Amino acid sequence: MITVTADSFPLARTFTISRGYKTTAQVVTATITRNGHQGRGEAVPYARYGETVTDVMAQIAAAAPWVTRQTLARDMQPGAARNALDCALWDLEAKAKGVRVWDLLSLPAPGPVITAFTLSLDTPAAMRAQAVQNAHRPVLKIKLGTPDDMPRLEAVRKGAPKSTLIIDANEGWTPEVYADLAPRLVAMGVALVEQPLPAGADAMLAEMARPLPVCADESCHDRASLPALIGKYDVVNIKLDKSGGFTEALALKAQAQQMGFGIMVGCMVGSSLAMAPATLLAQGVAFTDLDGPLLLAQDRDNPLLFNEHGIHPPNPALWG
């Protein structure tokens, strides 16, 4: 049996990027029950990809009761609905067999990983205040993507002088703006820039100097995305909702590494249940951005542990 619910988690503060803002995390939870065992998966429908909560719930509800990971990959397109079902199936199998998901994959037990913490797009003064409040964090991810971003970056750097900085432009720059900013980003000690140009309009990246690593986010979904990224990007951001689940995300990670891309494991704004499978995916990668639960005012029961060592793998009461 498959059940699906829409769940809402209020955010601790308004979360703003170049495309808009949100005050709550609207997520969809799929639960699969078989032979007395339950598995859960969470997905975040994303308007950027034409997804709505209603549509994602309908796709999950229409799935066959005895769906498998193999039939999912065959019958459903990558996206939030497939992600929720795929993660629920991994959780279900682990619980039915009384083992952890990493045991199913013959992987060593995962450990904590340092995650970036995201600073929402705001005025320079407000972003400096955010930076001061979070200056103890080793990695800060800064939401930018406007023509007037340097004062924001300078304010963050003054507020958090010791943190490693990642920039996420969310497709908000033009080639001219990025060409002007890139050397200054390097001078400010920025370690990575995500999706500076719009997906589908990023061909100029192959012709521009890349003085710091450029990461494909909106331009990378699943393995089919990879050939078009060669020569334009250095790193790919793997998100479960984009790839369509943990199964495809594992395969995408392996193939991207074989092709020479660095790996970032990211997330939409969701609860600990959405992040739980990604903590396994994030083992050994260059960049991790799984701070979704830290942005919430209230998380799920049995939430992931965050401490000075990073984000820890889930306990089985949450997932896997």
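Author: K141 sits in strand β5, which spans residues 139-143. (Strands are DSSP E runs of at least two residues, helices are H or I runs of at least four, and both are numbered from the N terminus.) The model is predicted: local features need pLDDT of at least 70, side-chain atom pairs need 80 or more, and totals for chains, interfaces and linings use all residues. Residue numbers start from 1 along each chain as its sequence is written, and side-chain values use heavy atoms, without hydrogens or water.

Is K141 buried or exposed? Its relative accessibility is 2%, so K141 counts as buried. (Buried means under 20% relative accessible area, exposed over 50%, partly exposed in between, with a 1.4 Å probe and protein chains only.)

What does the side chain of K141 meet? It makes a polar contact with the side chain of E194, at 2.7 Å. K141 then touches A116, F117, T118, L119, I166, D168, E194, N237, M264 and D289. (Contact means heavy atoms within 4.5 Å.)

Take α5, residues 124-133. M127, Q130 and A131 are buried there. They lie on the same side of α5, because they cover an arc of only 100° around the axis.

Next comes α6. Why call α6 largely enclosed by the rest of the structure? Because 7 of its 10 residues are buried. They are M150, R152, L153, A155, V156, R157 and G159. Their cover includes β4, α5 and β5. It also includes β6 (164-168), α7 (175-187) and β7 (190-194).

Past β7 comes a loop. Q195 is found there, between β7 and β8. At 0% relative accessibility, Q195 counts as buried. Its backbone stands out too. Most residues other than glycine have a negative phi. Q195 is not a glycine, yet its phi is positive, about 35°.

Q195 is one of the contacts of Y233. Y233 lies in the loop between β8 (214-216) and β9 (235-238). It is buried, with a relative accessible area of 3%. The side chain of Y233 makes a polar contact with the side chain of S219, at 3.2 Å. Y233 and C215 are 18 residues apart in sequence, but 5.7 Å apart in space, C-alpha to C-alpha.

E42 is in strand β3, residues 37-43. At 2% relative accessibility, E42 counts as buried. Its side chain makes a polar contact with the side chain of S271 at 2.3 Å. Another polar contact joins it to the side chain of R300, at 2.9 Å. Beyond four places in sequence, the contacts of E42 include V27, V28, N83, A84, G270, L273 and A274.

A84 is in helix α3, where it takes part in a meeting with α1. V56, Q59 and I60 in α1 meet A80, A81, A84 and L85 in α3. The axes of α1 (residues 53-61) and α3 (residues 80-97) come within 8 Å and cross at roughly 45°. (Axes are lines fitted to C-alpha atoms, for helices over the stretch in contact, with angles from 0 to 180 degrees between N-to-C directions.) That makes α1 oblique to α3. (Under 35 degrees is roughly parallel, over 145 roughly antiparallel, 65 to 115 roughly perpendicular, the rest oblique.)

Technical notes: A polar contact is a pair of N or O atoms within 3.5 Å; within protein, one must be able to donate a hydrogen and the other to accept it, and residues adjacent in sequence count only if both atoms are side-chain atoms. The arc is that of the directions from the helix axis to the C-beta atoms.
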